Number of protein chains: 2
Amino acid sequence: MKSWEKHVKLFIPGPVEVYPDVLKEMARPVIGHRSSAFQDLFADTVAKLRKVMFTENDAFLSTSSATGVWEGCVRNCVAKKALACVNGAFSESWHKVALANGKQADKIEVPWGKAIKPEMLDEKLATGEYDALLFVHNETSTGVANPLYEVAKVMRKYPGVIFMVDAVSSLTGMKVEVDKLGIDVCLASVQKAFAIPPGLAIFTVSKKAYERAEKIKDRGYYFDFFTFKKFAEKNQTPSTPAIPQIYGLNLQLDKMLKEGMERRFERHKQMADYTRRWALARGFELFAEKGYESNTLTAVTNNMGISVSDLNEKLGERGVTISDGYGALKEKTFRIAHMGDTKLDEIKELLAMIDEILGGG
Amino acid sequence: MKSWEKHVKLFIPGPVEVYPDVLKEMARPVIGHRSSAFQDLFADTVAKLRKVMFTENDAFLSTSSATGVWEGCVRNCVAKKALACVNGAFSESWHKVALANGKQADKIEVPWGKAIKPEMLDEKLATGEYDALLFVHNETSTGVANPLYEVAKVMRKYPGVIFMVDAVSSLTGMKVEVDKLGIDVCLASVQKAFAIPPGLAIFTVSKKAYERAEKIKDRGYYFDFFTFKKFAEKNQTPSTPAIPQIYGLNLQLDKMLKEGMERRFERHKQMADYTRRWALARGFELFAEKGYESNTLTAVTNNMGISVSDLNEKLGERGVTISDGYGALKEKTFRIAHMGDTKLDEIKELLAMIDEILGGG
């Protein structure tokens, strides 16, 4: 057996565990991407996607990771200068992607584990220097959920600033009401709370974002919002898309709407609450600033000095895996994902295994 | 049953029919993209990919369609001006992608159905105006295989011109010896002769291409060759990749190497020969210029004035589909793909069905 053929159940913050029904759905025979069957699939999928994102804006399917859509965001919507809100590895990367695309971009930076506060933005945006905000809702590297709803209120004061939200590891696990919040571009990938194998990203575009993009010449092609729009009007994608992942997305959206979005958010909150209580009861601390803990993953501070790699090795022997800390946090934190199709009982089972391995508790 | 749930066997030039073993392989549980299991999968896949491409160059996996890699090519390798060789819809699009990325790009253009000849390039390149060539090996819209080997000989005279080859619908169905031909960037996607569902592109990068890219600042991030290189050195991809398609690719490469590449190319040639003979015997003409017919798909000129849409509707009732002509060629040609895992017997069966539908013959 090759190493990648061993099934290890994933409790890492993406890709997350994909349930057999989704894998089976993805194994459907392929259809032509210019066929009427594909147009039906596209229309049906996008309509449901807009529901779970609470939006009337255009929604698109991008055959790329979310990183690609980051590039699209900066190429389409940054004319003057972007302000990036940085408090972890992914928000830091988005800033770098802006610079790599020749864009002007400053950052508000707070230490990893801390949250970005609305007043920080307000102060910077008041200078009038910026025409776009790069905001990561849920920092996967630190388990911090930045206060999206409070930030959105501040953004109302700055209609000239395009509000772009990376909801990669929160969307469908935590509430993100695109229209109510006035989000101009909201993006995510499907291997997080959607619980689909990676290979597809999704995003929405507001009227205001199109108006900005219209004025920018060098938008490129692959992530040009107008290219997506032109083909979406025919219920198609600009180039050959990741059809298996779209099959998976269609199924998952059905399951979400059947579960009910409020119940789904509540399920994620329950798993998060349980995980946090467990960590604190064991004497661990939470890495996220109090009040800003994510509901889709928990980053636990390794204040007890356990060996995270030993723990994960032993979990591996039992057929499951969690994630060590990101980058420099490797042994300083560990991360447990509780999102997608994962149920509270599975989290309980996982944490009981960790208790067994660590002993005491 | 939803329209996209009906299995119609594909004889269209991409996505092509995917066999059950590949679909099953893709339905394996997902692994973490930063795990050692993924590193094993990556290393194993890339090593085999280089074999079927006859190259020692770096080979990369891009979570995008090949269109994305087109963008990468022009952003990484066009400093001065590109020359695009245009004789169909896809070669035309690559030129547009260059312009959309703010690059200078001229084109050599011949009518659809005709081939690009080496002397045409030679004349243009001799001006010294160009530092990159955009060359589509196999025009999927017209069934023309441009003379790659002859063009490669001309390219030897112009070491300052980066030689970029779109082998999207030829690679592994027709011989493309990357190193022998001196191809600097060779790209393809997996839904053509690889016979994998869409969602992944692959490409190789030569030393010369890196040297050019190094001097270009605004390469972006998602398709930046150096981003790919940095992560590939750790047997990783820059962002979360399309893992199911990589599983499929790994399996397909095993099958190719087991079949033997020469035998594989011969199988494609036999299917092409059979299809062409069939078309001519029925009184049809071939759309491709004589001597430049593709071995992976045949574009048949509809000189008999049949209704291509009626034919395809009737084929659909029998559970198979071919492709109408591309764009303006919709009713003027029809296209039959014979690539990937398709066997000669399946082509015989398809053509017999067409005979039955059209009568006479």
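Predicted model: local features only at pLDDT ≥ 70, side-chain atom pairs only at ≥ 80, totals over all residues.
Thr172(B), located in the loop between strand S8 (162-166) and helix H7 (178-181) of chain B, is another residue other than glycine with a positive phi, here near 75°. Thr172(B), however, counts as buried, at 1% relative accessibility.

Peptide bonds also deserve a check. In chain A, Gly14(A) and Pro15(A) are joined by a cis peptide bond with omega of about -5°, and Pro15(A) belongs to the loop between strand S1 (9-10) and helix H1 (20-26) of chain A. In chain B, a cis peptide bond links Gly14(B) to Pro15(B), with omega of about -10°, and Pro15(B) is placed in the loop between strand S1 (9-10) and helix H1 (20-26) of chain B.

Chain A contains an open sheet of seven strands with mixed pairing, ordered S2-S10-S9-S8-S5-S3-S4. Strand S2 (58-62) and strand S4 (105-109) of chain A are its edge strands, each pairing on one side only, and neighbouring strands are turned by 20° against each other on average, with direction ignored. Within this sheet, strand S9 (residues 185-189) and strand S10 (residues 201-205) of chain A pair in the antiparallel sense over five bridges, and Val205(A) in S10(A) is the bridge partner of Val185(A).

Helix H2 (residues 36-52) of chain A packs on the sheet, where it touches S2 and S10 of chain A, and its direction makes about 120° with that of S2(A). Helix H4 (residues 89-100) of chain A lies across S3, S4, S5, S8 and S9 of chain A and runs at about 165° to S4(A).

## Helix H3 of chain B

How many residues of H3(B) are buried? The count is 12 of its 12 residues, among them Trp70(B), Glu71(B) and Arg75(B). At 1.5 Å a residue, the 12 residues of helix H3 (residues 66-77) of chain B should span 16 Å, which agrees with the 16 Å between its end C-alpha atoms.

## Relation of the two chains

Chain B is superposed on chain A by a rotation of 180° with 0.0 Å of shift along the axis, at an RMSD of 0.0 Å. The two copies are therefore related as by a two-fold rotation axis, and the same surface serves both, since 100% of the contact residues of chain B recur in chain A. Ser64(B) is the residue of chain B that comes closest to the rotation axis, with its C-alpha at 2.5 Å.

Notes. Residues numbered from 1 in each chain as written. Chains lettered and ligands numbered in written order. Heavy atoms only, no water. Helix = DSSP H or I, 4+ residues; strand = E, 2+ residues; numbered from the N terminus. Expected span 1.5 Å × (residues − 1). Buried < 20%, exposed > 50% of the residue type's maximum accessible area, 1.4 Å probe, protein only. Least-squares fit on C-alpha atoms with pLDDT ≥ 70 in both. Contact = heavy atoms within 4.5 Å. Pairing = 2+ DSSP bridges. Axes fitted to C-alpha atoms, helices over the stretch in contact; angles between N-to-C directions.
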